[in-house]
Amino acid sequence: MRALCWNGVNDLRVERVPDPTILGPQDAIIKVGLSSVCGSDLHLIGGYVPTMRAGDIIGHEFLGEVVEKGPEVTRLNRGDRVITVSIIGCGKCWHCEHEEFSLCDNSNPQPAFEEAAYGHCTAGIFGYSHAFGGYAGSHAEYIRVPFADTNCFRVPEGVTDEQAVFVSDAVPTGYMAADMGNIKPGDVVAVWGCGGVGQMAMKSAYLMGAERVIGIDRIPDRLRAAQMKAGAETLDYSRVDVYDALLAMTGGRGPDVCIDAVGMEADSGASSIKGLAMEDLYDRGKQVLRLESDRPAVLRQMIQCCRKGGTLSIVGVYGGLIDKFPMGAAMNKALTFRMGQQHGQRYVKRLFEHIEKGELDPAYLLTHKWALDDAPQGYRMFKEKADDCMRVVFAP
């Protein structure tokens with residue numbers, strides 16, 4: 001079959017690889033119908049996740065058809081149209097039983113990487129390096145899904161492929177970001193990053209009762225989408241001081257909930273917070289020297305901007321170490337931090353209900369639909385944010 005393979009930093013190629021096969025009784029083989037790019041893929045492509053190997057198939061947000069299943073798969077039938085949550089849960093460990101699927105004890109067969117870096121091993125993730133299990137990704141004609149009864153969900157008849165594909169990752173990630181914020185009626189929510197996950201976090205914040213939502217980015221088409229599709233007020237961080245602007249918009253109080261939908265490759269901008277004009281150069285320089293792995297500009301901004309006693313919700317991906325973290329401000333302001341990879345299986349049924357009722361329509365995230373053979377160019381466009389690209393979706 002054809003698949004998009006990583007062969008080094010910024011080196012993606014569509015290659016011929018062996019077809020996946022059933023390896024365990026709880027496996028299913030999915031014929032991929034749609035597979036989307038994701039901002040967290042850029043961390044892999046750029047070499048910020050060091051456990052990639054040449055030939056690894058990337059991609060983790062997808063929809064397809066069940067074409068084969070193992071003998072212990074009972075909830076799915078051949079021919080079912082399904083989405084698969086990008087984070088792999090076994091369904092039976094303590095964490096999965098408590099709906100903490102991204103903390104699964106059993107789905108990562110290569111635990112040594114994470115145990116060394118994080119102290120404990122977390123769940124496997126499709127197409128996301130050997131630290132997260134070494135699973136083949138979804139930018140391919142077929143993909144093997146372990147623990148299929150836990151991770152695959154039938155798509156309701158009234159939901160289109162273009163809506164459903166994002167319930168694999170972007171929608172539950174944004175929804176969980178809002179959920180972790182413990183949003184109450186009347187709250188003001190600020191979201192850093194107006195890409196796919198940020199858009200879904202903004203929409204979800206309104207579903208949970210937020211009175212006002214503010215989206216922060218610098219890309220004009222993403223700011224427009226935040227206004228027109230997500231109903232948010234917007235700030236262009238390259239043009240305004242975010243701290244001053246947020247305090248002015250909230251009567252000097254600051255947002256009740258701040259959401260990070262950016263992660264380890266944040267750009268601080270020239271005027272994001274007073275006195276931090278050199279922040280971006282500092283972080284990039286330390287990255288080059290391998291003195292820090294992640295650029296935490298958004299985290300620093302959220303700590304400064306959030307109201308006292310407020311909540312920071314972090315779903316932007318971080319992989320390693322950060323520097324100049326304002327712990328004193330976080331502690332003395334009594335901020336609550338909640339964070340994690342998405343527990344998508346917890347939310348899928350609820351999200352499809354929102355879509356069926358017309359309360360949520362993620363299809364607008366799909367701005368470009370390309371053939372798999374054009375995937376390297378699609379990622380280049382996505383990375384460069386060219387041609388008003390929100391998400392490129394490949395149709396193998």
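Reader: What is the relative accessible area of Gly47?
Author: This is a predicted model: local features need pLDDT of at least 70, side-chain atom pairs count only at pLDDT 80 or more, and totals for chains, interfaces and linings use all residues. Residues are numbered from 1 along each chain as its sequence is written, and side-chain values use heavy atoms, with hydrogens and water left out. Buried means under 20% relative accessible area, exposed means over 50%, and partly exposed lies in between (1.4 Å probe, protein chains only). Gly47 is partly exposed, with a value of 32%.

Reader: How far apart in space are Gly47 and Thr160?
Author: Start with the place of Gly47. Helices (H or I, at least four residues) and strands (E, at least two) are DSSP runs, numbered from the N terminus. Gly47 sits in the loop between α1 and β4 (56–57). Thr160 is 113 residues away from Gly47 in sequence, and the C-alpha to C-alpha distance is 34 Å.

Reader: How many disulfides does the structure hold?
Author: A disulfide is a pair of cysteine sulfur atoms within 2.5 Å. The structure's total is 0.

Reader: Which cysteine has the sulfur nearest to that of Cys90?
Author: Cys90 is buried, at 4% relative accessibility. Cys90 is in no disulfide. The nearest cysteine sulfur is 3.6 Å away, in Cys104.

Reader: How many salt bridges does a search of the whole structure find?
Author: Side chains of opposite charge can pair when their charged atoms come close. A salt bridge is a side-chain nitrogen of Lys or Arg within 4 Å of a carboxyl oxygen of Asp or Glu. The search of the whole structure gives 17.

Reader: How far apart in sequence are the parts tied together by Glu141 and Arg2?
Author: Glu141 and Arg2 form a salt bridge, with the closest N and O atoms 3.7 Å apart. Glu141 lies in the loop between β8 (124–125) and β9 (142–145), and Arg2 lies in strand β1, so the pair ties together parts whose separation in sequence is 139 residues.

Reader: Which residue is linked in a network of salt bridges with Arg2 and Glu141?
Author: Arg2 is buried, with a relative accessible area of 17%. The network links Arg2, Glu141 and Asp373.

Reader: How many residues apart in sequence are the parts tied by Asp27 and Arg144?
Author: The side chains of Asp27 and Arg144 meet in a salt bridge of 2.9 Å, N to O. Asp27 lies in the loop between β2 and β3 (28–36) and Arg144 in strand β9, so the parts they tie together are apart in sequence by 117 residues.

Reader: Which side chain of opposite charge is nearest to Asp217?
Author: Asp217 is found in strand β12 (residues 212–217). Lys and Arg count as positive and Asp and Glu as negative, while His and the chain ends are not counted. Asp217 is buried yet has no salt bridge. At 5.0 Å, the nearest side chain of opposite charge is Arg222.

Reader: Which residues does Asp221 touch, leaving out those up to four places away in sequence?
Author: Asp221 is found in helix α8. It is buried and has no salt bridge, with Arg222 the nearest side chain of opposite charge, 4.6 Å away. Contact means heavy atoms within 4.5 Å. Asp221 touches Asp388 and Cys389.

Reader: Which element gives the largest share of the lining of the largest pocket?
Author: On a 1 Å grid over the protein atoms alone, a cavity is a set of points where a 1.4 Å probe fits but cannot get out, and a pocket is an open set with protein on both sides within 12 Å along at least five of seven lines; lining residues have an atom within 4 Å of a point. The largest pocket is lined by 47 residues. The largest share, 4 residues, comes from α3.
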